[in-house]
Amino acid sequence: MAVSLIYPPRCIGCGDLVDSDFGLCGVCWRETPFIGGTVCESCGTPLPGSADGFRLDCDDCMAHPRAWSQGRAALLYRDQARSLVLALKHGDRGDIAKPAASWILTIAKPLLENDPIIVPVPLHWSRLLKRRYNQSALLALQMAKQSQLQCCVDLLVRRKRTESLDGKTREQRYVALGDAIICNPRQKFNLQGRVVLLVDDVMTSGATLTACTDACLRGGAAKVRVVTLARVTKQ
Ligand SMILES: [Zn+2]
Ligand SMILES: [Zn+2]
């Protein structure tokens, strides 16, 4: 209470004062493409029509079945959502993680069953030094705080530095990643027979999330689900 009097909540988009913890003012909220309604069960992309009780997957996920069992994203990666993701990733705007985590938890509600352990997609240590924080770990920690679920930020590690995946084709992304991501031997016990909820800021082709899913399954996880703040879609 005292803290919010000194630091009143501000819109994470434009900085205006807001009167709730939701994170965005009315104007920025309208410019932020939240995903809702019918979605692909694997990646969270919005789908036309209404759900009929059966599992729905988008064309992309039908053509390339995912290694994980379910996936959701809170936002479409464009407009104000793109600015927020970039600010969280490169702009030293860790304050975005708190409201962003609440948006992810809202859309991911069906994925929170069976007491999943929350695990962020790892950064290589050299990138961590440069950026000083891992945006996915910030999201994961906030999600754990708000949901009371367990979180293990160093369950996965990147043992080699991979080039940026930007501008690469789907196949090139998978090749570039190879076996770059592994289970941290010291944290492996946390994984045995557990459902894992992988967290990343953006899903594009899903190559990084696939590498992380494979590492979790090899390490003893029972099942892997994925959530991202934003999903890049084709249109
Ligand atoms: Zn605003
Ligand atoms: Zn999909």
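Predicted model: local features only at pLDDT ≥ 70, side-chain atom pairs only at ≥ 80, totals over all residues.
1. Ring pairs link Phe22, Phe34 and Trp103 into a cluster.

2. Consider the pair of phenylalanine 22 and phenylalanine 34. The ring centres of phenylalanine 22 and phenylalanine 34 lie 5.9 Å apart and the planes stand at 35°, so the pair is tilted. Phenylalanine 22 sits in the loop between helix H1 (2–6) and H2, while phenylalanine 34 sits in the loop between H2 and H3. The two residues are 12 residues apart, and the pair links distant parts of the chain. Phenylalanine 22 is partly exposed, its relative accessible area being 34%. Phenylalanine 34 is also partly exposed, with a value of 27%.

3. Phenylalanine 34 also pairs with tryptophan 103. Here the ring centres are 4.9 Å apart and the planes are at 75°; the pair is therefore edge-to-face. The cut-off behind that label is an angle over 60 degrees. Phenylalanine 34 belongs to the loop between H2 and H3, and tryptophan 103 to helix H5 (residues 97–107).

4. Which residues hold the zinc ion (ligand 1)? The protein donors are Cys11, Cys14, Cys25 and Cys28, each through its SG atom, and they lie 2.3 to 2.4 Å from the zinc ion (ligand 1). The four donor atoms subtend angles of 103 to 115° around this ion, which makes the arrangement tetrahedral. Along the sequence, the donor residues of the zinc ion (ligand 1) are spaced C-x2-C-x10-C-x2-C.

5. Cysteine 14 lies in the loop between H1 and H2, and cysteine 28 lies in helix H2, so the pair ties together parts that are 14 residues apart in sequence. Is cysteine 28 buried or exposed? At 6% relative accessibility, cysteine 28 counts as buried. Cysteine 14, by contrast, counts as partly exposed at 43%.

6. The zinc ion (ligand 2) has Cys40, Cys43, Cys58 and Cys61 as protein donors, again through SG atoms, lying 2.3 Å from the ion. The angles subtended by the four donor atoms run from 104 to 114°, which makes the arrangement around the zinc ion (ligand 2) tetrahedral. The spacing of these donors along the chain is C-x2-C-x14-C-x2-C.

7. Cysteine 40 is in the loop between helix H2 (26–30) and helix H3 (59–63), and cysteine 61 is in helix H3, so the pair ties together parts that are 21 residues apart in sequence. Cysteine 40 and cysteine 61 are both buried.

8. How many salt bridges does a search of the whole structure find? The search finds 10 salt bridges. One of them joins the side chains of aspartate 60 and arginine 231, at 3.9 Å from N to O. Aspartate 60 is in helix H3 and arginine 231 in strand S6 (residues 223–231), and the pair links distant parts of the chain, 171 residues apart. Both aspartate 60 and arginine 231 are buried.

9. Aspartate 92 and arginine 132 form another salt bridge between their side chains, at 2.6 Å from N to O. Aspartate 92 lies in the loop between helix H4 (79–90) and H5, and arginine 132 lies in the loop between helix H6 (125–131) and helix H7 (135–147), so the pair ties together parts that are 40 residues apart in sequence. Aspartate 92 is partly exposed, with a relative accessible area of 46%. Arginine 132, at 59% relative accessibility, counts as exposed.

10. The side chains of aspartate 95 and arginine 93 also meet in a salt bridge, at 2.9 Å from N to O. Aspartate 95 counts as partly exposed at 41% relative accessibility. Arginine 93 is partly exposed as well, at 26%. Elsewhere, salt bridges that share partners join Asp60, Arg66 and Arg231 into one network.

Technical notes
Residues numbered from 1 in each chain as written. Chains lettered and ligands numbered in written order. Heavy atoms only, no water. Donors = N, O, S within 2.8 Å, 3.2 Å for Na, K, Ca; no water. Tetrahedral: all angles 85-135°; square planar, octahedral: opposite > 155°, others 65-115°. Helix = DSSP H or I, 4+ residues; strand = E, 2+ residues; numbered from the N terminus. Buried < 20%, exposed > 50% of the residue type's maximum accessible area, 1.4 Å probe, protein only. Phe/Tyr/Trp six-rings, centres within 6.5 Å; stacked < 30°, edge-to-face > 60°. Salt bridge = Lys/Arg side-chain N within 4 Å of Asp/Glu carboxyl O.
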